[in-house]
Amino acid sequence: MSWRPTYRSSKFRNVYGKVANREHCFDGVPITKNVHDNHFCAVNSKFLAVVTESAGGGSFIVIPVSQSGRLDSHCPKVCGHQGNVLDIKWNPFFENIIASCSEDTSVRVWEIPEGGLRRNMTEAVLELYGHSRRVGLIEWHPTSSGILFSAGYDYKILIWNLEIGEPVKMIDCHADVILSMSFNTDGSLLATSCKDKKLRVIEPRSGRVLQQASCKNHRVSRVVFLGNMKRLLTTGVSRWNTRQIALWDQDLAMPIVEEDIDGLSGLLFPFYDADTHMLYLAGKGDGNIRYFEITTEKPFIQYLMEFRSPAPQKGLGVMPKHGLDVAACEVYRFYKLVTLKGLIEPISMIVPRRSDTYQEDIYPMTTGTEPALSASEWLSGIDRDPVLMSLKDGYHRPNQLVFKAPVKEKKSVVVNGIDLLENVPPRTENELLRMFFRQQDELRRLKEELTTKDVRIRQLELELSNLKNVSPNNI
């Protein structure tokens, strides 16, 4: 990217990245080696969740953010999925509720006890089945408390109403795998990038595609809404196979700006902070994080600085605003997954200030932890902006809301004597082999059980015969 010297003043010109001390890092974490293009990490002000390596299904660990240091090798896990976990996301309004999706075609909602896990968790609050293939992405609605979106490899997006535990809408407008999803501020619009090289803006309640752009010169991989600016930013690859970013108006007529970043091959993950209008770009397999300022006037994307590190990142979790250290002028915090070291490093983005007082100019009113809508209100067509909160006095007010899962009977869809929800047909050779070996193990177990019961039956028959022979003599 050609960085032209500019003299535009910015309060974020000198933002720098600071890696936490070793004692504040999380060491000995068995981070997953899955090559799926996701972060495998989710953070809120209470917990850090990381997808881990496991045998016989998928699992993730949940660590209290305050309990840094070396992780116990036998720490409890959330291990209810039958396939690899592909994505995890914390509920923005209930900090003990986390959703996960997996290769086993299910989406599950878990409730983590206060203080963290004390034993392995296998029972989810909700198990959601509706996709016919593995589920690769999940996103919580930004303003409604009980709406969850999931995107599967069946090219469909399902909208789940967690108040009843059922899908209420299916968006079926994509011709290939959905790569990313992003909401605008009030959640009335959904932007998606897809492997069919098209960028879409969708009205989620109706499933109607409002705008669509074919990205031939700029192959889009990730998309993010830029807050309430009515603009989108995408990361992808140019026709010369260089990593590239593009800025779009909401109508998707054509890119406002296209800028080449570098010639590396790793996927670029965009992170946007609507409060400071800062954009962070982190490449998968890179060690650096570039950051920019987004403006409404030319040059639109202003390069600020670059954080450099020799350790490559597999994924990044982001701490919500109310979990930041306001006294240190921290405006953003990443949790960097370093697979080779089994390490998770907190990286704080700090605005250098001399004064120790609260800096109102860098901490405007921000999105809080109270939902603006219930699920039924949003489904009825109501849109509201997020409920805002101030960070001036720190974040101490607890959320009084309680997550209540619907009580559901287990459903079954039986065709020719086979339950389709319990026996999802394999779609790939790996899934077929996994199912074959699982069935072989089950057959072996049943044969052993049958042999044991045959021996027991013979023993009982002999005892009965002995009793019959003894009885006449006693008489």
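Mentor: Buried means under 20% relative accessible area, exposed means over 50%, and partly exposed covers the range in between, using a 1.4 Å probe and protein chains only. This is a predicted model, in which local features need pLDDT of at least 70 and side-chain atom pairs count only at pLDDT 80 or more, whereas totals for chains, interfaces and linings use all residues. Residues are numbered from 1 along each chain as its sequence is written, and side-chain values use heavy atoms, with hydrogens and water left out.

Trainee: What is the relative accessible area of Ala 311?

Mentor: Ala 311 sits in the loop between S27 and strand S28 (315–318), where strands (E, at least two residues) and helices (H or I, at least four) are DSSP runs numbered from the N terminus. Beyond its neighbours within four places in sequence, Ala 311 is in contact with Asp 286, Gly 287, Lys 336, Val 338 and Lys 341, contact meaning heavy atoms within 4.5 Å. Ala 311 counts as buried because its relative accessible area is 8%.

Trainee: How many Å apart in space are Ala 311 and Leu 337, C-alpha to C-alpha?

Mentor: In sequence, Ala 311 and Leu 337 are 26 residues apart. In space, their C-alpha to C-alpha separation is 9.4 Å.

Trainee: With which side chain does the side chain of Asn 288 make a polar contact?

Mentor: Asn 288 is found in the loop between strand S25 (278–283) and S26, and it is buried at a relative accessible area of 12%. A polar contact is a pair of N or O atoms within 3.5 Å; within protein, one must be able to donate a hydrogen and the other to accept it, and residues adjacent in sequence count only if both atoms are side-chain atoms. Not counting residues up to four places away in sequence, Asn 288 touches residues including Leu 281, Phe 307 and Gln 313. The polar contact of its side chain, at 2.4 Å, is with the side chain of Glu 306.

Trainee: Which residue is the bridge partner of Tyr 291 in S27?

Mentor: Six of the seven residues of S27 are buried, so this strand is largely enclosed by the rest of the structure. S27 pairs with S26 in the antiparallel sense over six bridges, and two strands are taken to pair if DSSP finds at least two bridges between them. In S27, the bridge partner of Tyr 291 is Met 305.

Trainee: Which residue takes a positive phi in the hairpin of S26 and S27?

Mentor: The loop between strand S26 (289–294) and strand S27 (301–307) holds Pro 299, and a cis peptide bond with omega about 10° joins Lys 298 to Pro 299. The hairpin has six residues between its strands, and the positive phi, near 70°, belongs to Phe 300.

Trainee: What is the relative accessibility of Tyr 155?

Mentor: Tyr 155 is placed in the loop between strand S13 (147–152) and strand S14 (157–161), and its phi near 70° is a positive value in a residue other than glycine. Tyr 155 counts as partly exposed because its relative accessibility is 29%.

Trainee: By what average angle are neighbouring strands turned against each other in the sheet that includes S12?

Mentor: That open sheet has four strands in the order S12-S13-S14-S15, with antiparallel pairing. Strand S12 (135–140) and strand S15 (166–171) stand at the edges with a single partner strand each, so one side of each has no neighbour in the sheet.

Trainee: Which residue in S9 does Val 85 stand opposite?

Mentor: S8 and strand S9 (residues 97–102) pair in the antiparallel sense over five bridges. In S9, the residue opposite Val 85 is Ser 102.
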